[in-house]
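Here are a few notes to read alongside the model. Take them one at a time and find each spot on screen as you go.

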Amino acid sequence: MATDFSRLSDKELISLISENRSDGGCTAELISRYMKLVFSLAKKYSDHADYEELVSDGMAGLLGAVRSYDAEKGEFASFAAVCVENRLKNTVRRSVSRAKRIADEEELSSVADGKPTPEERIIAKENNEDLLRVIENELSQLELRCIKGVAMGLSYAELAKKLGVDKKSVDNALSRARSKLREIYKS
């Protein structure tokens, strides 16, 4: 004679499942009782993840609750709700993480490789040549040589020795050159 599982309580259904005295009808009955819970919680989180994925994962959470329920820890309804909700929260986290990863990949693919285009290289070269001409016209030979020496990483003492002047002359020349360069850059 077939058992009418719809007349049994959650506790009785779980007991039959744990004793392996059911052909799956008990599990099917519990799932049908709590499907509305899964659907409503999936709807609650559907702004943050795909609804169908939420329902699928929610059903897996419900099935996990059926399999791991311990009657000594409280009512099945509360346990099932917690299991389903936790599963859906994990689904949302995965979905948000996946969306962020996709957005990051799209952002990275839209970023230029940092190498100047041929046009940018020509413009930069022309700008550098223009700037160099202005600097050469505005600075004295000593100032220009001191600036170039500092740019190459020479110390004041090394510059003084190389140029045949004292350190104070190098310091004064660099000071004048910096002032002139500031004026050039203001224009």
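1. Start with a pair of helices. Helix 1 (residues 10-18) and helix 2 pack at an angle of about 145°, and their axes are 9 Å apart. Helices here are DSSP runs of H or I with at least four residues, numbered from the N terminus. The axes are lines fitted to C-alpha atoms, over the stretch in contact for helices, and angles run from 0 to 180 degrees between N-to-C directions.

2. Before going on, a word on what you're looking at: this is a predicted model, where local features need pLDDT of at least 70, side-chain atom pairs count only at pLDDT 80 or more, and totals for chains, interfaces and linings use all residues. Residues are numbered from 1 along each chain as its sequence is written, and side-chain values use heavy atoms, with hydrogens and water left out.

3. Which residues meet where helix 1 packs on helix 2? From helix 1 come Asp10, Leu13, Ile14, Leu16 and Ile17, and from helix 2 come Cys26, Thr27, Glu29, Leu30, Arg33 and Tyr34. Contact means heavy atoms within 4.5 Å.

4. Now follow helix 2 (residues 25-45) by itself. Tyr34 is among the buried residues of helix 2, along with Val38 and Leu41. Buried means under 20% relative accessible area, exposed over 50%, and partly exposed in between (1.4 Å probe, protein chains only).

5. Have a look at Ile135 in helix 5 (residues 118-138). Ile135 is buried, with a relative accessible area of 14%. Leaving aside neighbours within four places in sequence, Ile135 touches Leu144, Leu181 and Ile184. Leu144 is itself one of the buried residues of helix 6 (residues 141-151).

6. Finish with helix 7 (residues 156-163), where Leu159, Ala160 and Leu163 are buried. They cover an arc of only 100° around the axis, so they sit on the same side of helix 7; the arc is that of the directions from the helix axis to the C-beta atoms. Lys161 and Lys162, on the other side, are exposed. After helix 7 comes Gly164, with a positive phi near 75°.

Definitions and conventions
Helices (H or I, at least four residues) and strands (E, at least two) are DSSP runs, numbered from the N terminus.
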